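Dear colleague,

Please find below the structure I promised to hand over, with the sequence alongside. My findings follow directly after it.

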Amino acid sequence: MKKLFSILVLALSCSALFAQQTTVALLNHEGTLTSFYGANALADAHKAAVHGDVITLSGGSFAGLTFSKAVTVRGAGMVADSTGNREITYINSDVRIEIPTTTETPIIFEGIFFQAGIGYSRLNSSLCNNSTFNKCRIHGLNGISDVMGNANFYNCLLGINGTYGTSSFGTNINIVNSIINSLNNTNSSYCKLNVTNCIVTYHPHSYNAYQIDSKPERSKNTTFKNCIFTGVPLETSHLDIPTFYLPETAVANNCISCYYGYKAETGSEAAVYYRDIFSNIANPNSTNVYFDDVTKVFKTYTNAGRISQISVHEKFELTDEAKAILGSDGKEVGVHGGIGFNLEPTTLQITKCEVSPKVSEDSKLSVSIKVDAPK
């Protein structure tokens with residue numbers, strides 16, 4: 001049975017009128033609740049927080065910020081729930097994480113759609129020791145937003161366009177039961193990717209010219225387990241045939257590939273040439289299986305050029321033939337094996353914030369916040 005919590009915040013001084021419904025960030029510090037409102041509510045709540053505090057966000061759009069405190073941030077969800085009652089929580093600009101490695105408390109995000117990049121500080125004194133993202137949609141970890149600290153991703157839709165490491169701080173990125181677009185790991189010495197029960201897509205030339213290098217060959221020092229690889233062919237003018245397979249330093253076990261490498265012209269007809277993505281691994285594993293067409297693996301899924309183009313309503317259901325290929329845990333490969341795939345948050349969510357249109361005679365404003373528990 002759904003429980004309904006109603007928090008009535010009275011004692012708010014205000015010199016101006018608020019809209020009847022607004023975005024809200026609710027800061028929980030050792031049981032004391034403080035509310036912040038508007039586009040900068042998350043930044044304001046973070047400023048008032050300390051390590052270990054919890055910030056709960058309503059649906060709506062919040063400005064990005066630099067996180068210097070290891071807090072837990074819970075959004076209303078990166079996808080509306082099946083009843084349509086829950087709004088999506090957006091962070092609409094860049095987020096950076098600058099938390100000293102001496103801080104043992106992890107920073108945790110759940111149920112948020114990050115519309116811009118997420119980056120980790122390059123400074124040795126501010127390399128985040130541990131961060132976790134649950135059920136989030138992340139446009140990209142890329143360019144100036146290089147992943148420099150340990151990070152964990154569960155049930156996420158994730159664009160990774162470049163990951164790096166430094167000699168002074170090794171990076172471990174663990175991605176579990178997620179959808180990944182354009183996975184690149186260009187530093188084979190310091191950055192280690194562990195990818196389990198994921199669907200990994202490669203889309204050369206899908207963003208703009210400089211991202212032609214978004215291809216399997218750049219997934220260095222990466223271990224794939226129970227994963228599915230898919231992608232689209234290159235245009236004739238961008239042939240780079242020798243690099244369309246996983247690099248020698250990659251490891252793949254119990255994986256399926258329906259990724260096909262390039263397209264060329266043969267006479268007047270276009271010919272598509274398939275290349276086994278596993279063919280260049282130093283220690284090829286017989287548990288890996290190659291299909292020559294995506295329709296032999298997925299019942300409905302079609303390749304998307306960007307993580308934002310992947311439908312949140314797609315179930316990523318496998319064909320009977322693909323379901324027969326089992327992962328190392330005895331379950332099907334892809335997102336429905338392992339821990340399973342569910343994008344709806346499991347924590348309390350702010351579903352409604354109502355602000356009185358009138359200020360009382362003593363200059364106080366009545367605000368009613370409703371927080372729902374999942375069914």
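N226 counts as buried because its relative accessibility is 2%, under the 20% cut-off. The model is a predicted one, and N226 is placed in its loop between β20 (222-225) and β21 (228-231). Although N226 is not a glycine, its phi is positive, at about 60°. Most residues other than glycine have a negative phi.

N177 sits in the loop between β16 (171-176) and β17 (179-181) and is buried, with a relative accessible area of 1%.

A further loop residue is T23, found between β1 (4-9) and β2 (24-29). T23 counts as buried at 14% relative accessibility. Leaving aside residues up to four places away in sequence, T23 touches F36, Y37, G38, A39, S58, G59, G60, S61 and F62. With G38 there is a polar approach: a polar atom of the T23 side chain lies 3.0 Å from the backbone oxygen of G38. S61 is 38 residues from T23 along the chain, yet their C-alpha atoms are separated by 7.3 Å.

Regarding confidence, the chain has a mean pLDDT of 77, with 65% of its residues at 70 or more. Confidence is highest in helix α1 (residues 41-48), at a mean of 97, and lowest in β1, at 37. Over residues 205-212 the pLDDT stays under 50, and the model has 15 contacts beyond four places in sequence for this stretch. Residues 236-242 are likewise below 50, with 11 contacts beyond near neighbours in sequence.

Yours sincerely

Key:
Residues numbered from 1 in each chain as written. Predicted model: local features only at pLDDT ≥ 70, side-chain atom pairs only at ≥ 80, totals over all residues. Heavy atoms only, no water. Helix = DSSP H or I, 4+ residues; strand = E, 2+ residues; numbered from the N terminus. Buried < 20%, exposed > 50% of the residue type's maximum accessible area, 1.4 Å probe, protein only. Contact = heavy atoms within 4.5 Å. Polar contact = N/O pair within 3.5 Å; in protein donor to acceptor, adjacent residues only side chain to side chain. pLDDT = per-residue confidence, 0-100.
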